[in-house]
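Biologist: I have a chain open here and would like to talk it through with you. Could you take my questions as they come?
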Amino acid sequence: MSTIETIAEIVYNITNEHSSCIETKYMWQLPGFDNEDLTLEEFIEQNISYLQEQWEKKLSQDSLTVEHAINIIWEMATYYFLCHIFTVSPKKDFSNVEAYLRTKLSSILKRLFKKYPIPTEWIDWQYKQLLHDEFLKRYPYYYDSYGFHPNERIKEVDKETRRKMKEEAFEYTLAKATPCIKSAWLDERLKSFKTFAETGESDENFFPYHLYLLLTVPDFSFPKATAGVRENEIKAIKQLASFAAYIDNIEELSDNINNFIVDYFFYFVRNEHSARKEFDYWGDSSTHIANSCAHQNEKGDLYTKLESISDLAAWLQLANFLDIVPIDEIYIVYRCFGLRYSNYFLPDTAFFSNYYRNTIKRQSRIFKGKAGLALCQYWFMHLLSYNDFKDCFYEDEQILTDAFADDHEMQAKCEELGIQAIKPKAFQKDSLNILQQHLFFVLYHLTARTEEGFYPRKFVLAPLMKKIVDGSWCKKETILEIYNELLCKRNSPTKLNWLFDNLENSTEPTCAAITLIYNMANFLHKDSDYLVKEINYIKEDVDSKLNIPEHVKLKKKLNDGKYSEAKQKEIQNNQKILSCIDSGLTIPVFMQKVPNFKNLYISRPISMKVFLDSDCDAFKEDDVFFRTQYKNLFKNKYLYFDRNIATHYATFSKIDDLFKPNNFADFLTAIYDLKENCNDINFHIREDVKFSGLDQIPYFKNILNKWFAKLDVFCKSQDGNITELFDSEHKCTIERNKLRNKFGEEFWKSCNLDKKQLTDCLNALYGNTPIFRLHREQKDEKGNIVSASYGDHESEFLNAYSTDIAIYLIKIAIELMQTKETSIKYFNITCE
């Protein structure tokens, strides 16, 4: 095996994404070398003297051909890049060898350039990519990527119009070949490249970048080595070259890595659907690059020299060899991209949890303060169990030597048996700040879910990409702005005004924040079961913090005199807090399928809330309290009932309660109120995928009139003094106790009407029949219909409106994290 084949194989083995070298940092057995435990720097150190002799011998030959010169350049360049990265890191000082290789490479390149000069046009083109104003004037083009017409031809516009289009559409780019960003670091290297291309010489600080540019840029197509080097090994050397070119500037290196990860996610979420849920299930890199914003070369867009997952892996592994990036961070990134999995016997959560915990506790300079690793941490959550994720935020265990200082017998026993006591678990101080960073990516993912299709998602995510570019993505003001915009688009009457950094750094709010982020991340990766889990946690939080008694129990204790005046005021304040927190979201068009019809639908605007108690005063009398509940069920959708139905596979309990004899009074008032208000719904007929509005259809009205007529006759037969069941103010003329005592049992014994038909009617009017989400037709800027109106069928509200629910639950969960005293002050609650 020739020397170039040996080093090419080594570089490939340490840079390819399936390499195992990063675990041990040692090279495997190589031909001609007996020591298996040989590190890369030891290999270079032991062989460089021999290689120098070989190179000198080859270069001194008068018969040196271009082909041989090309092979020597690739071999020497590979060693030069390796020596350079070790010297800069600084892990091993190869500066003398680096200087020798630079001198020899300059000499042979100078000889080569005299015979085959680099075209001046190509050199000029590289520099023009820096976007000078003169270049913009000569090439005033842009691609209009926004909207529903991605294939529109390139347009020529004036400078002011171009500026406006950039601001409006964000996805602004130039027609170009080799992209670069306008930075002083790249600028000075590109300016001096012309000298290098003519002489083979350049400043030692610029030489790595110039040599990398020469060997790797496709436009120039520098000849490949021919001495038995395979294609994948040439690719590995190019990856090494790009890493060596950027290692001189850690900030540039960091930006390239982080920008690739973020841009990959940007492209992924625009293509995400039910069959494409993981990075590792799809996608070749060329598709990603062609459709991403990574190479758009305009200030404000993301830019990265990495063009594939393979490039990302190579850079990270090289950084790991130099102890710049720890293996913990690499494994988390790799698992997200499908490059590393747990071993055969362990689930991901068991295998990766320690790596994940370490990335939470400390971060390398490549990722610290950047979005790349934070994004991977967010993405990784769905691979962890809840308990493992929660444990990642605890402080490291601390052994206590004086845990039983007051118990001498126990202290002696511990010392005798070697028992070690530890400090009670506590969350690390910056847990809430880390979780707040994760919240940004939860909102990023939710924002993408609010639209359908590649280009609409691309447009709606553009403002968030700007926040990543300018570095403000993790700031409280940014996250609040993004979240409140989501709330505003869903007609929320309130907005969120605080985040995790406003909370007390104690166990309860931290645990609540961990649960919220975990459930939201898993919902976005899996299904709406995690929304149910978040509702469960919120319910426990409400019960423990606000402790609002059930109406019946409250009235009993009030009648028994067990509540002091102060306690009553506390309960009233708690009710008001819950009402302010659970303020609701408006669904303008809530569409349902009418039972027993194939193509008949109803729609109306409703408000979505979590708890029925948010709209009811538990201190009201029974007749007012229960009647208000059923009135609210017609106007609002309460998620806790959907949670019960999903969890217990049950029917809607409030409808079941109406048919109980003891609740006959509620049944009577509910039928009356629905009869009076059922004209507030709209009817539609579906033909294929289109919906057409209809005039009022008396289907529900007739059912309710029939039942109310039956109730009217029955009640008047039971009490001859009744002339009207309800007076002019819509109040029931029969006392509630009288209706409860005897009317219910007698009515249900004598009733011969279709009870199932009424149940179907009540389910429809109380929002519990299969749901259709109406997607209105979409038009482009010229008024052409791009997408016709259609409806999505969902049997469960939690699935049909999962994105809206997730957005709303975030507000409730965060506002519940505050102390009760803070909530009273913020919501300006006073007890009358």
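Biologist: In which sense, left-handed or right-handed, does α17 pass α18?
Modeller: Bearing in mind that this is a predicted model, α17 passes α18 in a left-handed crossing. The two helices, α17 with residues 348–361 and α18 with residues 371–380, pack at an angle of about 145°, and their axes are 11 Å apart.

Biologist: And which residues in α17 and α18 meet there?
Modeller: From α17 there are F352, Y356, T359 and I360, and these meet L373, Q377, Y378 and F380 of α18. Sorted by class, the contact of α17 with α18 has 6 nonpolar and 2 polar residues, with no charged residues.

Biologist: Now V333, please: which helix is it found in, and what does it touch?
Modeller: V333 is found in helix α16, which covers residues 327–336. Not counting residues up to four places away in sequence, V333 touches I261, L312, L316, F367, L373 and C376, and L373 is also one of the α18 residues that meet α17.

Biologist: Why does V333 count as buried?
Modeller: Its relative accessibility is 1%, and because buried means under 20% relative accessible area, V333 counts as buried.

Biologist: How far apart are the C-alpha atoms of V333 and I261?
Modeller: They are separated by 8.7 Å, although V333 and I261 are 72 residues apart along the chain. For the chain as a whole, among contacts with a separation of 6 or more, 73% are accounted for by residues 24 or more positions apart.

Biologist: What about N484, buried or exposed?
Modeller: N484 is buried, with a relative accessible area of 16%. It lies in helix α23, residues 476–489, and, leaving out residues up to four places away in sequence, N484 touches K495 and L496.

Biologist: Switching to strands, how do β8 and β10 run, and how many bridges join them?
Modeller: Strand β8, residues 600–609, and strand β10, residues 682–687, run antiparallel and are joined by 4 bridges. On its other pairing, β10 goes with strand β11, residues 690–694, again in the antiparallel sense, over 5 bridges.

Biologist: What caps the N-terminal end of α34, and what follows the helix?
Modeller: D754 caps the N-terminal end, with a side-chain oxygen 3.1 Å from the backbone nitrogen of K756. After α34 comes G767, whose phi is positive, near 75°.

Biologist: One more spot: what is T87 in contact with?
Modeller: T87 lies in helix α4, residues 66–88, and, leaving aside neighbours within four places in sequence, T87 is in contact with K92, D93, F94, S95 and E98. A polar atom of the T87 side chain lies 3.5 Å from the backbone nitrogen of S95.

Biologist: And overall, how many helices and strands are there?
Modeller: The chain has 37 helices and 15 strands, and 54% of its 832 residues count as buried.

Methods
Residues numbered from 1 in each chain as written. Predicted model: local features only at pLDDT ≥ 70, side-chain atom pairs only at ≥ 80, totals over all residues. Heavy atoms only, no water. Buried < 20%, exposed > 50% of the residue type's maximum accessible area, 1.4 Å probe, protein only. Contact = heavy atoms within 4.5 Å. Axes fitted to C-alpha atoms, helices over the stretch in contact; angles between N-to-C directions. Left-handed = near helix turned anticlockwise from the far one by under 90°. Nonpolar A, V, L, I, M, F, W, Y, C, P; charged D, E, K, R; others polar. Pairing = 2+ DSSP bridges. Polar contact = N/O pair within 3.5 Å; in protein donor to acceptor, adjacent residues only side chain to side chain.
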